[in-house]
Amino acid sequence: MFGFTYYTPTKVVFGRETEKEVGRLIREYGGSRVLVHYGGASALKSGLIDRVKQALDAEGLFHVELGGVVPNPHLGKVYEGIELAKENKIDILLAVGGGSVIDSSKAIAYALAEPEKDVWELFKKKRKAAGCFPVGSVLTISAAGSETSNSCVITNEKTGEKRSYNDNIARPRFAIMNPELTMTLPDYQTESGCTDIMMHTMERYFTQGGNMELTDEIAEGLLRTVMKYAEILHKDPKDYEARAEIMWAGSLAHNDLTGCGNDGGDFASHMLEHELGGMFDVTHGAGLAAVWPSWARYVYKDCMPRFVRFAEKVMGVANEGQGDDAIALEGIRRMEEFYHRIGMPVNMRELGINPTDDQIIAMADSAMDASGGKKGSAKVLHREDVINIYRMAL
Ligand code: NZQ
Ligand code: ZN
């Protein structure tokens, strides 16, 4: 195993009606002027925004609201939020929503700490952030894990670039997680979320070199648990226990717990998906499901022990002397079967897109631009590999 730093400073307040505690938590983290940031209609329709505002009022906290964050959140909305926050002397960001809203809030928070600089420079890797205003969240979808992660993903809607910036200073101060809030999700969003959660652990699992037995066991347990409850929610979206299991898994899958002792992870599937998100605006988790089987078949021979272990311990493939190759491929096939059972695609056609070869090459070039010319641990991918995988995933 490799050495590691594990830093997960977010206070998690988990359970029914926990959103009532939001005012107290804002005070605890020194906030007095709050920008309440949210997405489209869902948090308004459910009455959550009103309940949050009441909780802030009860603590006598100043607040302004900014909605309209879209999935694959736009840089334009970030700029709008920065202006609004400056006008109102905001000192803390409250994200009410999912990964898109939390990431938009993190981007605003970075910008407020360095008001003279363009925040997009961070995403273009032109500089490192020197600071970040505090962010807290009321989570409404279990998926991205941004509520405890160090990551922030923004799409420049003018250029079609979807780019991430990772820094521990952006890890949220607190996350309010009431599983009931996720019960209004459409099935497709629930299952895309479950896919993303699994992928955050799988990106850390399919690696070369260092591995830790404890980390592997945690990762495998997390994956089996998410698979079990993803199927339950597909049939019964109101099951509180299932919602709770998935919600907690979402945070643990992306707060680095399942990466301790490895080499930092693979994350090539995320690279491949981010280009689909930037060019076709697909739902992140579904986009991951559409590329993962092709990625897996392309790389598994280079990372055979991990694929065999995954097949046996996560996908339940029995070792009956059929050989490593057959075991690994059966694990991948069973994952595809699982995706289908929960309504996820296993290729781009099923995802509803059909990129031309020119678009595939443009995505590969953009992916290489975003990742410095290569990406991956299970197998290090270069431009030609990325093109090959996109073509396989058609
Ligand atoms: O906008 P509203 O109306 O709220 O609708 C949202 C949105 O359409 C809806 N939704 C959320 N909570 C709901 C609800 N609908 C009904 N009831 C509720 N309780 O769900 C849709 C998706 O929301 P979004 O925030 O986009 O989902 P998610 O959490 O999957 O976030 C996706 C974004 O996060 C990025 C993705 O790339 C994508 O841009 N990621 C961020 C990461 C991070 N910061 O750590 C890591 C991930 O790998 C990922 O890349
Ligand atoms: Zn993800």
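Which residue forms a salt bridge with K77? In this predicted model, the partner is E80, and the closest N and O atoms are 3.2 Å apart. Both residues lie in helix α4, which covers residues 75-87. They are three residues apart, about one turn of the helix.

K77 has a relative accessibility of 16%, so this residue counts as buried, the cut-off being under 20%. E80 has a relative accessible area of 40% and is partly exposed.

## Other salt bridges

The structure holds 37 salt bridges. One of them joins D302 and K379, at 3.8 Å from N to O. This pair links distant parts of the chain, 77 residues apart. D302 sits in the loop between α11 and α12. K379 sits in the loop between α15 and α16. D302 is partly exposed, at 40% relative accessible area.

Another salt bridge pairs E337 with R333, with 2.6 Å between the closest N and O atoms. Helix α13 (residues 324-341) holds both, four residues apart. E337 is partly exposed at 35%. R333 is also partly exposed, with 35% relative accessibility. Elsewhere, salt bridges with shared partners join E213, D216, E217, E220, R306, R309 and K313 into one network.

## Helices α7 and α8

Helix α7 spans residues 187-205, and helix α8 spans residues 213-235. Their axes come within 10 Å and cross at roughly 170 degrees. That crossing makes α7 roughly antiparallel to α8.

On α7, the contact residues include C194, I197, M198 and Y205. On α8, they include L222, L223, V226 and M227. By class, the contact has twelve nonpolar, three polar and four charged residues.

Conventions. Residues are numbered from 1 along each chain as its sequence is written. Chains are lettered from A and ligands numbered from 1 in the order in which they are written. This is a predicted model: local features need pLDDT of at least 70, side-chain atom pairs count only at pLDDT 80 or more; totals for chains, interfaces and linings use all residues. Side-chain values use heavy atoms; hydrogens and water are left out. Axes are lines fitted to C-alpha atoms, for helices over the stretch in contact, and angles run from 0 to 180 degrees between N-to-C directions. Helices (H or I, at least four residues) and strands (E, at least two) are DSSP runs, numbered from the N terminus. Angles under 35 degrees count as roughly parallel, over 145 as roughly antiparallel, 65 to 115 as roughly perpendicular and the rest as oblique. Contact means heavy atoms within 4.5 Å. Ala, Val, Leu, Ile, Met, Phe, Trp, Tyr, Cys and Pro count as nonpolar, Asp, Glu, Lys and Arg as charged, and the others, Gly among them, as polar. A salt bridge is a side-chain nitrogen of Lys or Arg within 4 Å of a carboxyl oxygen of Asp or Glu. Buried means under 20% relative accessible area, exposed over 50%, partly exposed in between (1.4 Å probe, protein chains only).
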